[in-house]
Amino acid sequence: MRTFVALLPLLLILHTEGSGHGWTYPENEWSEQYPTCGGKRQSPIDIQTKRVLENKTLGPLELAGYGLQDGEFLLINNGHSIQLSLPSSMHIIGGLPQVYTAAQLHFHWGGEFHGSEHLINGVQFDSELHIVHYNSEKYGSFDEAQTKPDGLSVVTVLIQAKKGPDNIYYEKLFSHLSEIQNVGENVTLNSIDVEHMLPHDFSNFYRYQGSLTTPPCTENVIWTVLVEPATISTAQLEKLQNSIMNSNHQILQNNFREVKPLNQRRVEANFSPKKGKGKESQFRSKPKFKTAKRWQCSVN
């Protein structure tokens, strides 16, 4: 069922990647209205694998509740991306300092060219998926966590498009794009399966401290950039690039932020990177999934 929302509910505003309004792509003067956007720990970055340091204390991601779930999940055109609200039963329970609970996921894409936000050795991918979480071990809600220094964590899936059949798990979202063409339009999905939107093996990842990539650009995000990309069809990429309108009633394209200086930050990995290569094929361990029934998040 499609609905048009003239004024977004407060819950949706809080669950956007950045809660700032009145900004557009490209970045231009974001920092004038949102000073943190000009900070020293901004995202995205160009990950240079020669500079990545192995951190043997980083374990594999352990995920709970990422598999097939039934319910009501809102997919909305928020004017900057398409955004899917995620259930509070989705958690990262291993591989981060605390437990993090999912809030929403959204995409970044290009137009005629590539559109990922993070680069690997200067290489930009076709698209990028962000799965946004908040620190639910310390904070009771996304609203509370989003301003805290250790409040947020984003899992990044780099996406490449290839000729061939559609990715059926991404198509569960993309098949509804025609229903949310205009800003504020939304549709309710009755099931989601985020597990299968991840690459087949997500054991290896890069880790660094950064910011939201949209205003207000708060520098409180633990970034986990998966090494292995996910794959969609070229037809699906074209659909993503040409189906959504922005607030100016133009096709929303190139909704990615340019990379920012690393400055004094470290980029680490939970594996030993092959120097000078952007993709590593040797995986130390298989990803770990746990069902939602085996984990209960202690959030009041």
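**Entry 1: burial**

I take a residue as buried when its relative accessible area is under 20%, as exposed when over 50%, and as partly exposed in between. I note at the outset that the model I am reading is predicted.

I looked up W23 with this cut-off in hand. W23 has 5% relative accessibility, which is under 20%, so I write W23 down as buried. I then looked up W30, where the relative accessible area is 4%, so W30 is buried as well.

**Entry 2: aromatic rings**

How many aromatic pairs does the structure hold? I find nine of them listed.

Y25 belongs with W23 and W30 in one aromatic cluster.

**Entry 3: cis peptide bonds**

The peptide bond from Y25 to P26 is cis, and its omega is near -5 degrees. P26 sits in the loop between α1 (10-14) and α2.

I noted another cis peptide bond, from S43 to P44, with omega near 5 degrees. Where is P44 found? I place P44 in the loop between α2 and β2.

**Entry 4: the disulfide**

I searched for disulfides, and the count comes to one. The disulfide joins C37 to C217, with 2.1 Å from S to S. This pair links distant parts of the chain, 180 residues apart. C37 is in the loop between α2 (30-33) and β2 (46-47), while C217 is in the loop between β14 (205-210) and β15 (221-226).

I then read the torsion about the S-S bond of C37 and C217. The torsion is about 80 degrees, so the disulfide is right-handed.

Are C37 and C217 buried or exposed? C37 counts as buried because its relative accessibility is 5%. C217 counts as buried because its relative accessibility is 0%.

I followed β2 into a sheet. Three strands form this open sheet, in the order β2-β9-β10, and the pairing is mixed. Which are the edge strands? I mark β2 and β10 (123-124) as the edges, since each pairs on one side only.

I looked at how β2 meets strand β9 (residues 119-120). The two strands pair in the parallel sense over two bridges. I47 stands opposite I120 in β9.

**Entry 5: positive phi**

I next looked up N121, which is in the loop between β9 and β10. N121 is not a glycine, yet it has a positive phi of about 50 degrees. At 24% relative accessibility, N121 counts as partly exposed.

N263 has a positive phi of about 55 degrees, and N263 is not a glycine either. The loop that holds N263 runs between α5 (234-242) and β17 (268-269). Its relative accessibility is 34%, so I record N263 as partly exposed.

**Entry 6: nonpolar cores**

Which residues touch the most other members in the largest nonpolar core? This core has 44 residues, and I82, F107 and Y170 are the ones with the most such contacts. Strand β8 (residues 100-109) gives the largest share of this core, five residues.

I listed the contacts of F107, leaving aside its neighbours within four places in sequence. Among them are I82 and Y170, together with S81, S127, E128, L129 and I159. L173, F174, M197 and N255 are also in contact with F107.

I found another core of 25 residues lying apart from the largest one. A103, F142, L152 and L158 are among its residues.

**Entry 7: E195 and A64**

I ended with E195, which is in the loop between β13 (185-192) and β14. Its relative accessibility is 26%, so E195 counts as partly exposed. How far apart are the C-alpha atoms of E195 and A64? They are separated by 9.6 Å, and the two residues are 131 residues apart along the chain.

Definitions and conventions:
Residues are numbered from 1 along each chain as its sequence is written. This is a predicted model: local features need pLDDT of at least 70, side-chain atom pairs count only at pLDDT 80 or more; totals for chains, interfaces and linings use all residues. Side-chain values use heavy atoms; hydrogens and water are left out. A disulfide is a pair of cysteine sulfur atoms within 2.5 Å. Helices (H or I, at least four residues) and strands (E, at least two) are DSSP runs, numbered from the N terminus. Buried means under 20% relative accessible area, exposed over 50%, partly exposed in between (1.4 Å probe, protein chains only). A nonpolar core is a set of buried Ala, Val, Leu, Ile, Met, Phe, Trp, Tyr and Cys residues joined through side-chain atoms within 4.5 Å. Contact means heavy atoms within 4.5 Å. Two strands pair if DSSP finds at least two bridges between them. Rings of Phe, Tyr and Trp (its six-membered ring) pair if their centres lie within 6.5 Å; planes under 30 degrees apart count as stacked, over 60 as edge-to-face and the rest as tilted.
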